[in-house]
Amino acid sequence: MTKTGETDTSISVSWTPVENASSYSVTVNNEVISDNINSTTYNINELESASEYFIVVGAYDNDGKLLLESNELCAHTNITINSNYTLTKDISAANIYVNNGTFDLNSHSLTVDGDVWLSNGTLNVNKGKLYIGGDFNLKRIDYTYGTGYLKMQNAEDHILVDGNMYASPLYNYSTLTAGTIEIKGDFTQKYYNSGYQNNFYCSGNHKVILSGEKLQTVSFASTQSQFNILDIQNFSEDGVVFSTASVPAGRLRKMKSSTAI
């Protein structure tokens, strides 16, 4: 069984047909929510956003005898932020969409299986931990730029990005003054309006760690944007490559390892 999609309130699954099976059942969190299913796909509805669900599919013959039961699948729903939202506990989600308001992690941990999209509004890390299994996108899904703000002003603020990070906000990021962003994929900065070329500007004690296990490419479209403290922990053969000359050595204030750049 595999997960084929999710929303804030639903998870879709599919599975391979079982020989001699005439029907299937779907169990969620140890409760059968549907049986006598004749297809090999199912959409589980009326779920809660940013929640974890354990799903099992059973296959039955014509006499209702259980032929085979799938392994348990752990899946999460998405969360979409359209107004002010403050975490009151640690949560997990499939994908995060920040469209408006302020999303405050409030010293809690947020674990994301897939991608985070900061399209509009504010993502305030606020002494929290954000773990992203996919990409971190400071832009809108349907545009090359976004109008959101990333706020990191505490030493405890921590973001880990297993995928790539794309920084294409329309406006200036002047709130990246403390905390750490660790990136295991590529980093790309672009700007939409020439008046906001400093749309990703780190200062103070803010640190970026590059810790990939293969080639990482860093691209700044403008020298008006910058990392502040850079810690290179990529020890792979290919290391880290800056694809443009937009980051002069003076902007790399601190390197803790010797890596090809």
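**Close-up views of a predicted model**

**View A. N124 is buried, at a relative accessible area of 12%.** Buried stands for under 20% relative accessible area, with exposed over 50% and partly exposed in between (1.4 Å probe, protein chains only). N124 belongs to strand β16, residues 120–124; strands (E, at least two residues) are DSSP runs numbered from the N terminus. Beyond its neighbours within four places in sequence, N124 has contacts (heavy atoms within 4.5 Å) with T102, F103, D104, L105 and K151. A polar atom of the N124 side chain lies 3.3 Å from the backbone nitrogen of N126.

The model is predicted: local features need pLDDT of at least 70 and side-chain atom pairs count only at pLDDT 80 or more, while totals for chains, interfaces and linings use all residues. Residues are numbered from 1 along each chain as its sequence is written, and side-chain values use heavy atoms, leaving out hydrogens and water.

**View B. Strands β3 and β4 form a hairpin.** Residues 23–28 (β3) and 31–37 (β4) pair in the antiparallel sense over four bridges; pairing requires that DSSP finds at least two bridges between two strands. T27 has V32 in β4 as its bridge partner. Two residues separate the strands, and N29 in the turn has a positive phi of about 50°.

**View C. Three strands make up an open sheet in the order β1-β2-β5, with antiparallel pairing.** β1 (2–6) and β5 (41–44) are the edge strands, each pairing on one side only. From one strand to the next the twist averages 25°, with axes fitted to C-alpha atoms and angles running from 0 to 180 degrees between N-to-C directions. Strand β2 (residues 11–14) pairs with β5 over four bridges, and S14 has T41 of β5 as its bridge partner.

Note on methods:
A polar contact is a pair of N or O atoms within 3.5 Å; within protein, one must be able to donate a hydrogen and the other to accept it, and residues adjacent in sequence count only if both atoms are side-chain atoms.
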